Amino acid sequence: NAKFDRYATALGRRGFGRWLVETQDGNFVGYAGVLMARPEHPLGEHFEIGWRLVRSAWGRGYATEAAKAALADAFSRGRMKEVLAYTASDNVRSQAVMERLGLERDPARDFTATYDRGEWRGLVWFARHRA
């Protein structure tokens, strides 16, 4: 799968990327982590945190726990100064995760991108390393 290959390549090149998220029993529930955005992204090159979980894992804290660990790793080991997160206006679950993570909303960086399925408007949040 192309997405998996991209994540594996990022991990090999930069030492960070999307992580597999699983339950204590070892059941796959999704992924989370920080990636470098592609240069053609409307916001240019930047680090972006994201997560995607299977529906049965929603509401159990997995996204928040995994994203919190990924941000800590990005700021400590990865020495990143800022990480962005974005989601659609109707994705209130992801917005709630962003709030629980302490990310700050930055409407000045909201963007519209065109993908195979049409236009998508991203609402932007950010986290900055606090020394």
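Predicted model: local features only at pLDDT ≥ 70, side-chain atom pairs only at ≥ 80, totals over all residues.
Which residues of helix 3 (residues 92–100) are buried? The legends below begin with that helix.

View 1. Residues are numbered from 1 along each chain as its sequence is written, and side-chain values use heavy atoms, with hydrogens and water left out. The buried residues of helix 3 are Ser94, Gln95, Val97 and Met98, where buried means under 20% relative accessible area, exposed over 50% and partly exposed in between (1.4 Å probe, protein chains only). Helices (H or I, at least four residues) and strands (E, at least two) are DSSP runs, numbered from the N terminus. The exposed residues Val92, Glu99 and Arg100 are carried on the face of helix 3 turned away from its buried side.

View 2. The buried residues of helix 3 are covered by elements including strand 3 (47–53), helix 2 (62–76), strand 4 (82–87) and strand 7 (118–128), with contact meaning heavy atoms within 4.5 Å. Ala96 also lies in helix 3 and counts as partly exposed at 25% relative accessibility. Ala96 and Thr64 are 32 residues apart in sequence, and their C-alpha atoms are 9.2 Å apart in space. Just after helix 3, Gly102 takes a positive phi of about 80 degrees.

**View 3. The largest nonpolar core and a separate one.** A nonpolar core is a set of buried Ala, Val, Leu, Ile, Met, Phe, Trp, Tyr and Cys residues joined through side-chain atoms within 4.5 Å. The largest has 26 residues, and those with the most contacts inside it are Val34, Ile49, Trp51, Leu71, Val83 and Leu103. Two or more residues are given to this core by each of strand 2 (28–36), strand 3, helix 2, strand 4, helix 3 and strand 7, and its largest share, seven residues, comes from helix 2. Apart from this core lies another, of seven residues, among them Ala37, Leu84, Ala113 and Phe126. In soluble globular proteins, nonpolar side chains tend to be buried together.

**View 4. Contacts of Val83.** Not counting residues up to four places away in sequence, Val83 touches Val34, Phe47, Glu48, Ile49, Leu71, Ala74, Phe75, Trp125, Phe126 and Ala127.

View 5. The structure holds two aromatic pairs; rings of Phe, Tyr and Trp (its six-membered ring) pair if their centres lie within 6.5 Å, and planes under 30 degrees apart count as stacked, over 60 as edge-to-face and the rest as tilted. The rings of Tyr86 and Phe111 have their centres 5.1 Å apart and their planes at 90 degrees, so this pair is edge-to-face. Because Tyr86 lies in strand 4 and Phe111 in strand 6 (residues 111–115), the pair ties together parts that are 25 residues apart in sequence. Phe111 also forms a tilted pair with Trp120, at 5.8 Å centre to centre and with 55 degrees between the planes, and ring pairs thus link Tyr86, Phe111 and Trp120 into a cluster. Tyr86 is buried, with a relative accessible area of 16%, as is Phe111 at 5%, whereas Trp120 is partly exposed at 29%.

View 6. A charge sits over a ring if NZ of Lys or CZ of Arg is within 6 Å of the ring centre and within 35 degrees of the ring normal. Arg105 lies over the face of Trp125, at 4.9 Å from the ring centre, and Arg109 over the face of Phe126, at 5.5 Å. A salt bridge is a side-chain nitrogen of Lys or Arg within 4 Å of a carboxyl oxygen of Asp or Glu, and by this rule the count comes to eight. Arg105, partly exposed at 34% relative accessibility, meets Asp110 in a salt bridge (2.7 Å, N to O). The side chains of Glu82 and Arg109 form another (2.9 Å, N to O), which links distant parts of the chain, with Glu82 in strand 4 and Arg109 in the loop between strand 5 (104–105) and strand 6, 27 residues apart. Glu82, Asp106, Arg109 and Arg128 are linked in a network of salt bridges.
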